[in-house]
Amino acid sequence: MLSKEQLERYSRQILINGFGEEGQAKLKRAKVFIAGVGGLGSVTATYLAAAGVGVIRIVDHDKVELSNLNRQILHCDEDIGKKKVDSAAKRLKSINPEVKIEAVAEKMTEANISELVTGFDLIVDAMDNLPTRYLLNKIAIDKEIPFFHGAVNGFEGRAMTIIPGQTACLRCVYRGAVVEGSFPVVGVTPGVIGCIQATEVIKYLLGAGQLLGNRLLVYDGLNMKFTQFKVKRDPNCQHCGALKDKN
Amino acid sequence: MSVKIKLHRSLAKLADGQAVVEVNGNTVGRCLEQMSARFPKLKKRLFEKDGALSRILEIYVNGESIYPDELATVVKDGDELDTVVRISGG
């Protein structure tokens, strides 16, 4: 049951055909895990909080640096040196005080990832490195939690939605590592990709539309071009190969 | 027999700025070898030292993933290959 104030706050999205109060209630009941509150996480968390997702757990062990501020829109000048999850939680609460924000300033590792994601309906991949993405992909598969992948570099980005047992996972389509370290990026790129991830999350929670499953969406901002590539489950996948097909 | 290889921006720079290169190999591996023979600067970006496909490169044929046996994948006249460089920033 939505309060009078909630009905007003979310009135414009409740108006969407197929959304309605029932859809809003689904968002309110949802518990979303966002891995990282950098460029992608700032955007996904902002829009999911504004949309009225009930609980958002943000996990990031970094502190805010000046070089983050061209793209990590949850943090500002006065936050430099503070924990990212603290500045992010403060800003998210100011956007929507109704959303419960759980800020966890921990590094995600094999030892703690299972406990961290337990009880959450889905995981948003807003990381900046492939090893942690693989860690998240594996736990998402093991616990059969939907996983919303996004990545950026320069003016380029990509997104893919993973529904364990139904669609290809990251390991089905990726071979190994990439060059790690400081990567070039302009803030609008995680803006675009983070919004796509948040859109996918909202669609999933509503049960609306067609998700980016078995499709890798590649964004080329310089040519303003989106390309979709078909991907498929690898029966020999190290992460999801043993998972029974649920299609 | 003609196969078009669409080059990622970072690869096109090493192929005299060409965004599309036409080759006539019958596998993805042969197509990439032909292209790197024509544009030697591409070789290091396309292949690992042991001849495997570069670990940061993804190849799609007619818009579909051919992972994990990219180089051995058979191609035919009119096929189009996309070369995509993997990214992982956030």
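1. How many residue pairs are in polar contact across the interface of chain A and chain B? The rule finds 14, with both residues at pLDDT 80 or more; a polar contact is a pair of N or O atoms within 3.5 Å, one able to donate a hydrogen and the other to accept it, and residues adjacent in sequence count only if both atoms are side-chain atoms. By class, the side of chain A that touches chain B has 17 nonpolar, eight polar and eleven charged residues (Ala, Val, Leu, Ile, Met, Phe, Trp, Tyr, Cys and Pro are nonpolar, Asp, Glu, Lys and Arg charged, the others, Gly among them, polar).

2. This is a predicted model: local features need pLDDT of at least 70, side-chain atom pairs count only at pLDDT 80 or more, and totals for chains, interfaces and linings use all residues. Residues are numbered from 1 along each chain as its sequence is written, chains are lettered from A in the order written, and side-chain values use heavy atoms, without hydrogens and water.

3. Four salt bridges cross the interface (side-chain nitrogen of Lys or Arg within 4 Å of a carboxyl oxygen of Asp or Glu). Glu156(A) and Arg9(B) form a salt bridge at 3.3 Å, N to O.

4. Between chain A and chain B about 2,400 Å² is buried, 50% of it from carbon and sulfur atoms (accessible area, 1.4 Å probe, lost on being put together, summed over both parts). In chain A, Glu156(A), Arg175(A) and Phe229(A) lose the most area to chain B, together 30% of what that side buries.

5. The lining of the largest pocket has 30 residues, with Asp62(A), Lys84(A), Asp128(A), Asn129(A) and Phe183(A) nearest the centre (a pocket is an open set of points on a 1 Å grid over the protein atoms alone where a 1.4 Å probe fits, with protein on both sides within 12 Å along at least five of seven lines; lining residues have an atom within 4 Å of a point). Nine of the lining residues are nonpolar, twelve polar and nine charged.

How values were computed
Buried area is the accessible area (1.4 Å probe) that two parts lose on being put together, summed over both.
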